[in-house]
Amino acid sequence: MKILKLISVLSITVLIIIVSILSFLGMVDTTNMKMYMLIGTILWFITTPFWLKEE
Amino acid sequence: MSEASVEIQDSSGGEFARSPIPKSRLKGWKSFLGMYAGEHAAGTEFMIGPLFLAAGASLKDLIFGLLIGNILAILTWRYLVAPIAVSSKLTLYYQLEKIAGKHLVKVYNVVNGVLFCFLAGAMITVSASAVGIPFGVNFSVPENIFGLSSPAFSIIVIIVGLVMAIVAAAGYNTVSKFANIAAPWMIIVFAACGLSALAQMEVNSWDSLISEWDQGVSVVQATNGKVDFGFWKIVIFSWLCNAAMHFGMADLSIIRFAKDTRAGWGPSIGMFLGHYMAWICASFMLAAQIKLTGDISANPGALAWSAVGWTGIICVIIAGWTTANPTIYRAGLAFQSLFPSSSKAYSGVILAGVVATIAGIFPTLSSKLLDFVGLYGTILGPMGGVIFVNHYLAKKMNFVQDYADEKGASFNTAVLLAWVLPVALGLYFIFGEGVFPAYAVIPCWIASSILYVLIMKFQKS
């Protein structure tokens, strides 16, 4: 569960929020930013139900 | 806007609907921070945020106006709702029933239900705006309030609305659990949308942001004409957009679970995430769209698609859906009292879903959300004034507290008059004189409070 929780947290912090900051800074292009965000979204919805249910 | 699982549980006759909460079930004030955190980041935020820019608000006014308005809203929860909730530990509905009588509460419930339907209708439009994007269907807002968008968009609204109604009737709890899972992700996506919009505008300093914003406002005003949405209007709107919940005391049903009045600080994090960060980020999306395409329409689906692609589409659909679901469900519970007791338990929810879907077909409703939210507070808020008077002043001013309960009355005319007369006057000023609806909330609340005292004193004499 700890690993799943870690994946969840990383999926929205790294693949969504940090990527959007990097995009704002011009370090990630828009197409890649959107793709990373979609991957982050999918990971969040796959992993979160398991540990959230436990809590 | 807020949604409250506890309230839903109660109004359906769930836990402690008609009795005070036992001490063992009370929660510490920090639980309320978490409980409220996701509730104010909902589908409505995608719609309301861009409307500030479309209404011509300056960015400085927006940033400082929302700050003050949100603080005032939090103080209202803390010092108006929490003391009564912690002291009486009753739901709004049961508290009202004790004062107004069970038949008048039914009238209040139906009015509440109808307003919920319009709110859910706006959320259906928001979700449909995102569903339409992959199919190349955009929605346009007609001038006429009963004007329709394109036939394709109306069909999408009907499909989305009916699916939501069926899900609310059959699987409310599943969507409620899903909403809990989605809430943190949704808040992060709101922030990402804002950052992406800033990148699209190529903003690199505060001055360049102000310049882009002002350009956006001037493009909107060149098309729609000059309108005024100044600092105090923003303060009043952001303070009172949840007036039904705080001034109207709907959140008695939630905060009654609190150990002490500090639970009144509960909405603080949620308010600043949803009604500050999310609104500002959503408004940036419209500013970016205007810069990139010159399009001034606040279409949530198109805005989110442009900012963050498929993630944005998914977010708008889920945000609209998870807001509409409890809203349709609550409206359905209110309507259920209209059906004979032999009818199916989901009849009210289906009726609410159909009414919400019909409302959703008219996109002007969602584009008038700033007005609608104020209207909602004006109509429901004054009942909170009656509860306030009953709680603090009845004994001091020597009239009967919890009148209906004490006298065995099922319809307290004093409450009806104290509610309807100020609301009627408020509606006259809103529709007849063109007053901004949020401005009417506090005068109506005060008038209802005073009127209730006067009628009760007169009745006694």
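Me: Where does A394(B) lie?

Reply: A394(B) sits in the loop between α17 (382-392) and α18 (403-407) of chain B. Helices are DSSP runs of H or I with at least four residues, strands are runs of E with at least two, and numbering goes from the N terminus. This is a predicted model, where local features need pLDDT of at least 70 and side-chain atom pairs count only at pLDDT 80 or more, while totals for chains, interfaces and linings use all residues. Residues are numbered from 1 along each chain as its sequence is written, and chains are lettered from A and ligands numbered from 1 in the order in which they are written.

Me: Why does A394(B) count as partly exposed?

Reply: A residue is buried with 20 or more other C-beta atoms within 10 Å of its own, exposed with 12 or fewer, and partly exposed in between, with C-beta atoms placed from the backbone. A394(B) has 18 C-beta neighbours inside 10 Å, so it counts as partly exposed.

Me: With which residues is A394(B) in contact, leaving aside its neighbours within four places in sequence?

Reply: They are V389(B), F399(B), V400(B) and Q401(B). Contact means that the C-beta atoms of two residues, placed from the backbone, lie within 7 Å.

Me: What makes the span of α8(B) close to the expected one?

Reply: The expected span is 1.5 Å times one less than the number of residues. Helix α8 (residues 206-224) of chain B has 19 residues, and the 27 Å from its first C-alpha to its last is close to the 27 Å expected. After α8(B) comes G225(B), with a positive phi near 90°.

Me: Why are the buried residues of α8(B) said to line one face?

Reply: The buried residues are E212(B), W213(B), G216(B), V217(B) and V220(B). Seen down the helix axis, they fall within an arc of 135°, so they line one face of α8(B). The arc is taken over the directions from the helix axis to the C-beta atoms. On the other side of α8(B), D207(B) and A222(B) are exposed. The cover over the buried residues includes α3 (43-54), α4 (59-88) and α11 (267-293) of chain B.

Me: Which residues touch the most other members of the largest nonpolar core?

Reply: A nonpolar core is a set of buried Ala, Val, Leu, Ile, Met, Phe, Trp, Tyr and Cys residues joined through C-beta atoms within 7 Å. The largest has 182 residues, and M186(B), C193(B), A304(B) and I328(B) touch the most other members. Helix α7(B) gives the most to this core, 26 residues.

Me: Where in chain B is confidence lowest, and where highest?

Reply: pLDDT is the predictor's confidence in each residue, from 0 to 100. Confidence is lowest in helix α1 (residues 5-11) of chain B, with a mean of 42, and highest in helix α19 (residues 413-432) of chain B, at 97. The mean for chain B is 89, and 96% of its residues reach 70 or more. For the complex, the predictor gives an ipTM of 0.96 and a pTM of 0.89.
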